[in-house]
Structure formats: C-alpha cells, structure tokens
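Visitor: Please show me the model, and then let us go through some of its local geometry.

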Amino acid sequence: MSSQNIYILGIESSCDDTAAAIIHNGKILSNVVASQKIHEEFGGVVPELASRAHQQNIVPVVHQALKKAGISKDQLHAIAFTRGPGLMGSLLVGTSFAKSLAYGLNIPLIDVNHMQAHILAHFIDEEGFEKPSFPFIAMTISGGHTQIVEVKNYFDMTVIGETIDDAVGEAYDKSGKILGLGYPAGPEIDKRAQKGNPKAYQFTKPKVDGLNFSFSGLKTAILYFIQREVKANPNFIEENLNDICASIQYTIIGILIDKLKLATKQTGIKQIAIGGGVSANSGIRQALKDGEQKFGWTTYVPKFEFTTDNAAMIAIVGYLKYLEGDFAEQGVTASARLKI
C-alpha cells in the first residue's frame, strides 16, 4: 500500500487531557489538547471528574483537529487511540469514541500503547529535530511512569528498569504539596530551582538495585526535613523556597542520571532519548546535554508539545502500525495496566 498520502486521526485520553491530532504520513498537521483545570483544586487528578470531562471534550477536540488540518473525516485512512495504560474511565471514553468512528467510516482501527507512544514521538517528522537510530535507550518520565527501555526497533522494546513505587512526576507533585505549591508542582519547582542553590540542602538518594527507581523514600525524607526546619523557624519555607526547590531537583536529577549511566554501561548503548511530561524540565535537559560532554552520550528530546500527554504521539504510532497493516479488531478493550 502506498505511504504517500495517508491521513490518520490519533486520540489520547489516558489521564486528564483530551487530545486529537492528524498526521499526514509522518508530519503532524494538527495537535489539539483540551486540559482539565478542575483537578487543580484537589491537588491531583480525580478519575471520575476526568472521565466526565473527556466525554464533554472529545467531539469538539476531534472536530477542531480535523478543521486545523484542513481535511474532512472522510479523508481519514485509520483511527489510532490510546488503549492503555491509564485511568480506566478516561481510556473507555477514547476507546469507545474511536471504535464507533472507525466503524462508522469503515476504516481500520489501531490500538496504541501510551508508553510506546512517548518513545516513538521521537519519529515525528519535525524540522530541527533529529531522530534516534536503533538501538537506543529511552527514559520515559512522567506523572505516572518512570521507565528505562531498550529500544531495538519501533515495536521491539524491553523495559530494563522502572519505579517500584512513586513515579518521578509524583515526587515533584508531592514535594510541591509539602511546600504549599500548586498542582502540578513540577514546572514551579523547576522555575524556582533555577534561582536557588542546588547544594543548599542534601537529601539521601534511595538505594535501589539495578536499573529500578524508588521515589517514595525521598518524598518522606523531604517531609521530615521540612517539618523539622519549620518547627525551628516557622518562616523557613518562605525564606528558603528557591534553595529547597533547587536541592530537591538536584537530587531527583542525580537519581535519573545515575540510572542512565548504569544503563549505558550495561547495554553499551550511548544513544539516549527521553520523553514524558517531566522531560520538559530544564534541569533534566541540561543534565542530558552535560552527559554528552562527560559520558559521550548522544541525546534526543522531542519538541515540547510532544513530551506531555498528546495525540501527536498516538498518531505517529498509528502511522507506523498502519504501514505494517497492524490493525485492531472492533472487540478490542481498554487496559488500564497495559505493559510495553
């Protein structure tokens, strides 16, 4: 089948962002995201509210994606959707909509693993961004996931390390909650870290064997540290917030880089690609760049809008699967704990 004129709709609804994108061959024509602000007041995502918001947003978001791309739904060759992992109620909204639309248009349906999509976002055709060659090490860091994956081909991936408790994004959000920052806390901690002293306070790195991660102990250490210091000085957080944020970020980045160093040593692979919402963090990006000089790495970071949960990454996986004729049946179901 010719790959010269293929239009695919990608739909993402794994958590609290409803997203739709149109890809023409490997190039994104539109990438629309409807974020849900309602969760901010609760300090985290409320699953029931998320699924209700997806139901409200999905039709207008898909309509907007088609309109921005300048095509009609009748020009679509296939519909790709996030099957999992994610919040079950949220996944069901996207899955049901994708199945219904594909059935109505009589075009193929393509199921996508959200974690694979974060990695394959690197293969979107985007001017100024190079694509990694196989094999490479991928580190996916987000609010719900922290993984190191050995990538041998588009769909030949092996998880070689992952968190045994909290994800890195949770470490940021829980630290932010302790400090009285809003949700999500990652961007605010990153912003303040740039103004602070990263070595002002020392936090012990968790000792976890191999390439696995643990962040729950760090969160507890930060909590006890803040409680102790505030008891001695009620204004401690306010007077030292930038230094606290810088020290927390320095510790988290150190944990990630240590594991990447071990992964490259064990595999002999020095190409590193990162993805997921936390990869937007300026400190992590700088640490990767430093790794190119210190350790001889070649690093890849996708365009900012393709790092957080988005439908462009679902669309590129849909395109790659379409070329292989890898389609889903109408009986496919969402899977909240889908593995790579």
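Visitor: Which residues form one aromatic cluster?
Guide: The model is predicted: local features need pLDDT of at least 70, side-chain atom pairs count only at pLDDT 80 or more, and totals for chains, interfaces and linings use all residues. Residues are numbered from 1 along each chain as its sequence is written, and side-chain values use heavy atoms, with hydrogens and water left out. Rings of Phe, Tyr and Trp (its six-membered ring) pair if their centres lie within 6.5 Å, with planes under 30 degrees apart termed stacked, over 60 edge-to-face and the rest tilted. The members of the cluster are Phe123, Phe134, Phe136 and Tyr154.

Visitor: Are the rings of Phe123 and Phe134 stacked or edge-to-face?
Guide: The structure holds 12 aromatic pairs. In the pair of Phe123 and Phe134, the centres are 5.5 Å apart and the planes make an angle of 20 degrees, so the pair is stacked.

Visitor: How many residues apart in sequence are the parts that Phe123 and Phe134 tie together?
Guide: Helices (H or I, at least four residues) and strands (E, at least two) are DSSP runs, numbered from the N terminus. Phe123 and Phe134 each lie in the loop between α3 (114-120) and β6 (136-141), so the separation of the parts they tie together is 11 residues.

Visitor: Is Phe134 buried or partly exposed?
Guide: Buried means under 20% relative accessible area, exposed over 50% and partly exposed in between (1.4 Å probe, protein chains only). Phe123, at 6%, counts as buried. With a relative accessible area of 29%, Phe134 is partly exposed.

Visitor: What angle lies between the planes of Tyr201 and Phe236?
Guide: Tyr201 and Phe236 form an edge-to-face pair at 5.7 Å centre to centre, and the angle between their planes is 65 degrees.
The pair joins the loop between α5 (186-193) and α6 (216-232), where Tyr201 is placed, to helix α7, which holds Phe236, across 35 residues. Tyr201 counts as buried at 17% relative accessibility, and Phe236 is buried at 6%.

Visitor: Are α4 and α7 roughly parallel or roughly antiparallel?
Guide: Axes are lines fitted to C-alpha atoms, for helices over the stretch in contact, and angles run from 0 to 180 degrees between N-to-C directions. Angles under 35 degrees count as roughly parallel, over 145 as roughly antiparallel, 65 to 115 as roughly perpendicular and the rest as oblique. Helix α4 (residues 168-178) packs on helix α7 (residues 236-267) at about 165 degrees, with the axes 11 Å apart. The two helices are therefore roughly antiparallel.

Visitor: Which residues of α7 make the contact with α4?
Guide: Contact means heavy atoms within 4.5 Å. From α4, Val168, Ala171, Tyr172, Ser175 and Ile178 take part. Their partners in α7 are Ile237, Ile248, Gln249, Ile252 and Leu256.

Visitor: Which residues does Val317 touch, not counting residues up to four places away in sequence?
Guide: Val317 is found in helix α9 (residues 312-324) and counts as buried at 0% relative accessibility. Its C-alpha atom is 9.5 Å from that of His114, 203 residues away along the chain. Beyond the excluded sequence neighbours, Val317 touches Val112, Ala117, Leu120 and Phe155.

Visitor: What is omega for the cis peptide bond from Phe134 to Pro135?
Guide: Pro135 is placed in the loop between α3 and β6. The bond that joins Phe134 to Pro135 is cis, with omega near -5 degrees.
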